[in-house]
Amino acid sequence: MSRDVARLLRDRRVNALAAWCIVAMLAAVSVTSAVQADVLWAGFAAAVAALALFPPVLLRNRDAMLPWEILLLAASPVVGRLFATLSLTGNLATYLSVAAIALILAVELQLFTPVRMTPRFAVVFVAITTMATAGVWAVVRWVADQFFGTTFILDPTVSEHVIEEAVMWEFVASTIAGIGAGVVFAYYVRQQAGTSRVPEEVQPDV
């Protein structure tokens, strides 16, 4: 698994170009959201961009970018938030991104720390991380509503039954996204294992 995951870091120029374009889009979204006082999405976009920049900064190689497909998945809520018309669609896009962030963390833990994951454990790690994030995020919004008067969850214009149902659908979306992304990740790693994608300076360590 170590060598398979390591190969997800590509030094190909085409992948690097696509990945840098996604990072640039995330940076633009972060700045725009900050100007519009949308702190949540500004922080989200900035966090994904920072994770994407970790390998090239650490390795001092601008071509050592993660696969653009994973980065695009992590950026999907930016697109889903603009075009989604159903609540579940928006939630699913958001938690797919959380799952993609978990994938990024799994790859970077595998490459740059002593942690080693088997394919099955990687699936469980991604799924549980995504589900846990949904629970933590629900608690954070509830606390904000209680102490700061926001209406993220406790909206006085909406019945308690509707609120509870919406929160449960979020948990459903996070579970689907987490399990699905974990399985796709394991399959994707195996499919891409035959290509050389690790910069030479990393190869002795993976």
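This is a predicted model: local features need pLDDT of at least 70, side-chain atom pairs count only at pLDDT 80 or more; totals for chains, interfaces and linings use all residues.
UniProt annotations may be inferred rather than shown by experiment. With that in mind, the unreviewed UniProt entry lists residues 12-33, 39-59, 66-86, 92-109, 121-144 and 166-189 under "transmembrane region". Over residues 12-33, the chain comes out as 95% helix and 0% strand, with 32 Å between the end C-alpha atoms. Residues 39-59 are 100% helix and 0% strand, and here the C-alpha atoms at the ends sit 30 Å apart.

Helix H2 takes in residues 13-35, which makes 23 residues. From its first C-alpha to its last, H2 reaches 33 Å, close to the 33 Å expected at 1.5 Å a residue. Several H2 residues are tucked away from the surface: Asn15, Ala16, Ala19, Ile22, Val23, Leu26, Ser30 and Ser33 are buried. Just past the end of H2, Ala37 takes a positive phi of about 65°.

How confident is the predictor, then? Across the chain, the mean pLDDT is 76, and 78% of the residues get to 70 or more. Among the elements of the chain, H2 has the highest mean pLDDT, at 88, while helix H1 (residues 2-6) has the lowest, at 55. Residues 193-199 have pLDDT below 50, though in the model this stretch still has 23 contacts beyond near neighbours in sequence. Residues 201-206 also stay under 50, and the model gives them 10 contacts beyond four places in sequence.

Methods:
Residues are numbered from 1 along each chain as its sequence is written. Side-chain values use heavy atoms; hydrogens and water are left out. Helices (H or I, at least four residues) and strands (E, at least two) are DSSP runs, numbered from the N terminus. The expected span of a helix is 1.5 Å times one less than its number of residues. Buried means under 20% relative accessible area, exposed over 50%, partly exposed in between (1.4 Å probe, protein chains only). pLDDT is the predictor's confidence in each residue, from 0 to 100. Contact means heavy atoms within 4.5 Å.
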